[in-house]
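We will go from the whole chain down to single residues.

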Amino acid sequence: MPYAQNVQGLPKTLVISITGDPTTPHAGGVKLAETLGSALLTVKGEGHTVVSGGVNTCVDKIAADYLIDLKLPEPMPECSV
């Protein structure tokens, strides 16, 4: 699966991936994070979307910190659905 590489001016990014996502496999999220040099938030559980759904305060806090302040979480954080 090809991803953009060596993107000039790209700020530090956050990739969020659910281990049991039937649409976008977790391995793809891991690969994207590696390719971009991104932080990866692994969410253990089933489902396709998890950010800002109001069902996971762990994910919502990490996502809000990133979207508002570009604050990345500690290395290799995990949340559960």
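The radius of gyration used here is taken over C-alpha atoms, and the globule rule is 2.2 Å times the number of residues to the power 0.38. For 81 residues, that rule puts a compact globule near 12 Å, and the protein chain has 12 Å, so the two agree. Keep in mind that this is a predicted model.

**Whole chain**

Show the C-alpha trace first. Along its principal axes, the trace spans about 35 × 30 × 20 Å. Now switch to cartoon.

The accessible surface of the protein chain is about 5300 Å², and carbon and sulfur atoms hold 58% of that. Buried residues make up 35% of the 81 residues. Now think about contacts with a separation of 6 or more: 65% of them join residues 24 or more positions apart.

Colour the charged side chains. There are 5 positive and 8 negative ones. The centres of the two sets lie 6 Å apart.

**Stop 1: strand 1**

Select residues 14-20, which form strand 1, and pick Ser-17 within it. Is Ser-17 buried or exposed? Its relative accessibility is 5%, so Ser-17 counts as buried. Leave aside its neighbours within four places in sequence and look at what Ser-17 contacts. Pro-25, His-26 and Gly-29 are among them.

**Stop 2**

Move on to Asp-21, in the loop between strand 1 and helix 1 (26-36). Buried means under 20% relative accessible area. Now draw a distance from Asp-21 to Leu-72. Their C-alpha atoms are separated by 23 Å, and the two residues are 51 apart along the chain.

**Stop 3: the disulfide**

Select all cysteine sulfurs. The count comes to one disulfide. A disulfide is a covalent bond between the sulfur atoms of two cysteines. Here, Cys-58 is joined to Cys-79, with 1.8 Å from S to S. Cys-58 lies in helix 2 (residues 57-69) and Cys-79 in strand 3 (residues 78-80), so the bond ties together parts that are 21 residues apart in sequence.

Why is this disulfide called left-handed? The torsion about the S-S bond is about -70°, and therefore the disulfide is left-handed. Cys-58 is partly exposed, at 32% relative accessibility. Cys-79 is buried, with a relative accessible area of 3%.

**Stop 4**

Leaving aside neighbours within four places in sequence, Asp-65 is in contact with Leu-70 and Lys-71. Draw one more distance, from Asp-65 to Gly-53. They are twelve residues apart in sequence and 16 Å apart in space, C-alpha to C-alpha.

End on Leu-70, in the loop between helix 2 and strand 3. With 51% relative accessibility, Leu-70 counts as exposed. Check its backbone too. Most residues other than glycine have a negative phi. Leu-70 is not a glycine, yet its phi is positive, about 55°.

Technical notes:
Residues are numbered from 1 along each chain as its sequence is written. This is a predicted model: local features need pLDDT of at least 70, side-chain atom pairs count only at pLDDT 80 or more; totals for chains, interfaces and linings use all residues. Side-chain values use heavy atoms; hydrogens and water are left out. Buried means under 20% relative accessible area, exposed over 50%, partly exposed in between (1.4 Å probe, protein chains only). Contact means heavy atoms within 4.5 Å. Accessible areas come from the Shrake-Rupley method with a 1.4 Å probe; for residues, only the protein chains shown count as cover. Lys and Arg count as positive and Asp and Glu as negative; His and the chain ends are not counted. The place of a charge is taken as NZ of Lys, CZ of Arg, CG of Asp or CD of Glu. A disulfide is a pair of cysteine sulfur atoms within 2.5 Å. Helices (H or I, at least four residues) and strands (E, at least two) are DSSP runs, numbered from the N terminus.
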